[in-house]
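Student: I have a structure to read. Can you take me through some of its features?

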Amino acid sequence: MPPPRTRGTALRQRLAELRGPDVTAKALDARALAALAANPGCERRAILDGAGVDKATLADALGSPSAFGQSQFALTRGNAFEAKVKADGGAELLRLVHERLDPGAAPPAGAALPDLSAIGPEGRTARTALALREATGATGTWTLLDHPMIALDVAGSPAFLEPDAVVVHPDGSWTVVEIKSFPMLDGSADPAKVGAAARQAAVYVLALEAVAARLDAAPRVRHRVLLVCPKDFSNLPTASAVDVRKQRAVTSRQLARLTRIEDIADALPEGTCFSPELPAEQLTAAVEAVPAAYAPECLAACELAFHCRERSRAAGAVTSLGRSVRAELGGLTTVEDVLAAARGESGDPRDPAVAALRRAARLRTEALGTMCH
């Protein structure tokens, strides 16, 4: 067996070949990682994200443009709000952390703001780890890490993640800070958006736990993160503590289920490439060589959702109707199988799913007959 360094180099070379010549890898961020963890059975997304393929560009090349992603206006507004929150050395941000998460500690006056600049993601990750170690050792003081970089192993390949901020408390514990531009009205925000932010923050918590585990005395990574949003309809920041223990547990379990990226890559035909410069027919064949696990939830989380939905519907897969429907139908995996079972043409009548379908078909026939008379 080759040593890890050689194996890692070979995998990086293989992933670069999958992206295509001279194509820069797209970084796997926490938002994408949370979506990947929500659908661990999708090998297609796992290999494309692992190889750093730009799925939005790929979707355009496949003729199924993506409607997924943030508008430029939303990005600009979010960046402006984050700059406001972090102004004056992060004084307002630290005040909110102190108020919402650690009111018993000394007020965060004169907090440390370490320089995290370094060359490349590996360099920034190492610099962040050093800053966290130093801040943890400096008990009694507050430290704000602005856009640190932390790494998390995902199916055998490192993902470099960049939280909005991490705060080290005077007791040495660490808190993830998520800054969002959606409003918090009367102290609460859109539950769907808060849930998405919590799943994203849970990814950062997992990555920080990996960093903490490498220290001599592992510091506590807090499972209550700080969500900072505009207050009501103003641009003034307010915050809420969000417990992400459930999201952390689910994300950890789902990431552990992911097939290793190198195993997926090894199973692909020789010469497979996902470069959007390829002819449409060749590119489609490459994408279809990797199994997908489409579900309607993908429409809100993956740039390739429209392409996969079209293929799933063409194949008559019941997963296109939703995971809950798929779970109820047991071994019936296609719409054709479901209809045949309902009509009594196939299927074991002792199967609960088949029995339920036939009963539903009888009730439908009786109802239509009653209406006709």
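Predicted model: local features only at pLDDT ≥ 70, side-chain atom pairs only at ≥ 80, totals over all residues.

Student: Is Leu339 buried, exposed or partly exposed?

Tutor: Buried means under 20% relative accessible area, exposed over 50%, partly exposed in between (1.4 Å probe, protein chains only). Leu339 has 44%, so it is partly exposed. Leu339 lies in helix α14, residues 335-342.

Student: Which residues of strand β3 are on the covered face?

Tutor: In a regular strand the side chains alternate between the two faces of the sheet. In β3 (residues 157-161), Ser157, Ala159 and Leu161 form the covered face. Pro158 and Phe160 form the uncovered one.

Student: In which sense do β2 and β3 pair?

Tutor: Two strands pair if DSSP finds at least two bridges between them. Strand β2 (residues 150-154) pairs with β3 in the antiparallel sense, over 5 bridges. Leu152 stands opposite Ala159 in β3. The hairpin has 2 residues between the strands, and Ala155 takes a positive phi near 55°.

Student: What does Val97 touch?

Tutor: Contact means heavy atoms within 4.5 Å. Leaving out residues up to four places away in sequence, Val97 touches Asp102, Trp142, Val167, His169, Val177 and Leu226. Val97 is buried, because its relative accessible area is 0%. Val97 lies in helix α6, residues 87-101.

Methods. Residues numbered from 1 in each chain as written. Heavy atoms only, no water. Helix = DSSP H or I, 4+ residues; strand = E, 2+ residues; numbered from the N terminus.
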